[in-house]
Amino acid sequence: MLSLTSLGGAGTVTGSKHLLTHDNTRLLIDCGLFQGLKNLRELNWEGLPIAASDINAVVLTHAHLDHSGYLPRLVREGFRGPIYATDATRDVAALILRDSAHLQEKDAEYANRKGFSRHAVAEPLYRVRDADRAITAMQSVAWHSPVDLPGGASLLMRRAGHILGAASAQIDIGGRSIVFSGDLGRYDDPVLHDPEPVPAADYIVIESTYGDRVHDEADPVALLGDIIERTAKRGGTVVIPAFAVGRAQSLIYYLWQLRQAGRLQNIPAYLDSPMAGNATQLLHAHPAEHKLDDGEYEAACQAIAYVRDVEESKALSANRYPKVIISASGMATGGRVLHHLAAFAHDHRNTILFSGFQAAGTRGRKLLQGAREVKIHGNWVPVRAEVAELPMLSAHADSNELMRWLSGFRRAPQRVFIVHGEPEAADALRVRIERELGWNACVPRQDQEFQL
């Protein structure tokens, strides 16, 4: 008997965890952290409906927290199996998981020191030592080369675009083939390769982040330049919350393109995220995973200043001259960007610019919805700055691109499962799949089990 159960990433864009069970074999595809709404974040503390020690292996499609961020907790709760990922994903995950654990330790310490935790003693979800154990368990998987999994299953990875090392995973088990899209990237992205087509599968599990939207075809680089220039003209700073892996590197490249075109010459730009700086260096280590040649990469990296220590970051927040600050996290849920938001959100001269998807319940979503104040580190901060969005800069495929990827299958699957999307987006994609392709599609609920 073969079954599929979504333990996360069902009806939401966070916490992706999909369990394949075949007889006594249990494979978990992705192991993400829930973010955003409080009722979702609380799920991180409740544990899984299956004992961690009963999971035989994890397949990691890519390193973003919403797909990898629960791994240290899984290890802490008793998981002892292998974690399969591409070589680049393993390197990126090492950065992200250690940073996540470090931030959780620091946030707990800060909450205890400042006394704004609702608990008597704030505890981190996991610690750096748990992240290190998860990283040690990772085994590298080469592109397009089948790898044996427990229980007689096999794994094949194909490029998904999105971020460095991101993959779509094909798992053959119990005589059936299941393809997990992972997070699909944009076609014709200037930095990353296109998502690779998959010829056939019995079942498809596809993300739907932008399942109900099509990205604007306007030139994102020109629009980015316009926003920065108009902000600088009024004496303001542009703060860009950006995912440390993926969007930060693309933004560095776009800023370099603007300078090459003669724009932004007197407007300094800063990358205030040690992890993003380290992730940028990984482009050197994995040249086959992106389109940039060494000359472009070196030139782009020299066009931005890197902020490493906390004192430099504090000085940047205190600096009132026009500038661009790129800082993590991308949905303003934590990290150094919160200090910059606290420093710049109250001034109408400044701009807060979002370049990626903002999940429900995050500060980013609230700001885009017009919130006039946001809570940061226990304090309410007024929002008078301009709030802007360039969704075409997102690393996620839009609805048309998701359909383009599905059109690469040469025969209809038995069923398509639509995950990693908010309810409206997921159902909109379901309707398109059924109407345009004539395939059987459904949107799983959290913990709903399907027999395959």
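I began with helix H6, residues 128–136, and found Asp130, Ala131, Ala134 and Ile135 buried. The arc they cover around the axis is only 140°, which puts them on the same side of H6. An α-helix has 3.6 residues a turn, so residues three or four places apart point the same way. I then looked at the face of H6 turned away from the buried side, and there I noted the exposed residues Arg129 and Thr136. I keep in mind that this is a predicted model.

Next entry: His162. I located His162 in the loop between strand E8 (154–159) and strand E9 (167–173). Is His162 buried or exposed? Its relative accessible area is 3%, and buried means under 20%, so I put His162 down as buried. I looked up its polar partners: the side chains of His162 and Asp183 are joined by a polar contact of 3.5 Å, and the His162 side chain also reaches the backbone oxygen of Ala395 at 3.1 Å. Setting aside residues up to four places away in sequence, I listed what His162 touches; among them are His62, His64, Leu192 and His396.

Last entry: Gly421. I found Gly421 in the loop between strand E20 (415–419) and helix H15 (423–437). Gly421 is buried, with a relative accessible area of 1%. Which residues is Gly421 in contact with, leaving aside its neighbours within four places in sequence? I wrote down Gly11, Thr12, Val13, Ser208, Thr209 and Ala426. I also checked Ala10: Gly421 and Ala10 are 411 residues apart in sequence, but their C-alpha atoms are 7.2 Å apart in space.

Key. Residues numbered from 1 in each chain as written. Predicted model: local features only at pLDDT ≥ 70, side-chain atom pairs only at ≥ 80, totals over all residues. Heavy atoms only, no water. Buried < 20%, exposed > 50% of the residue type's maximum accessible area, 1.4 Å probe, protein only. Helix = DSSP H or I, 4+ residues; strand = E, 2+ residues; numbered from the N terminus. Arc of directions from axis to C-beta. Polar contact = N/O pair within 3.5 Å; in protein donor to acceptor, adjacent residues only side chain to side chain. Contact = heavy atoms within 4.5 Å.
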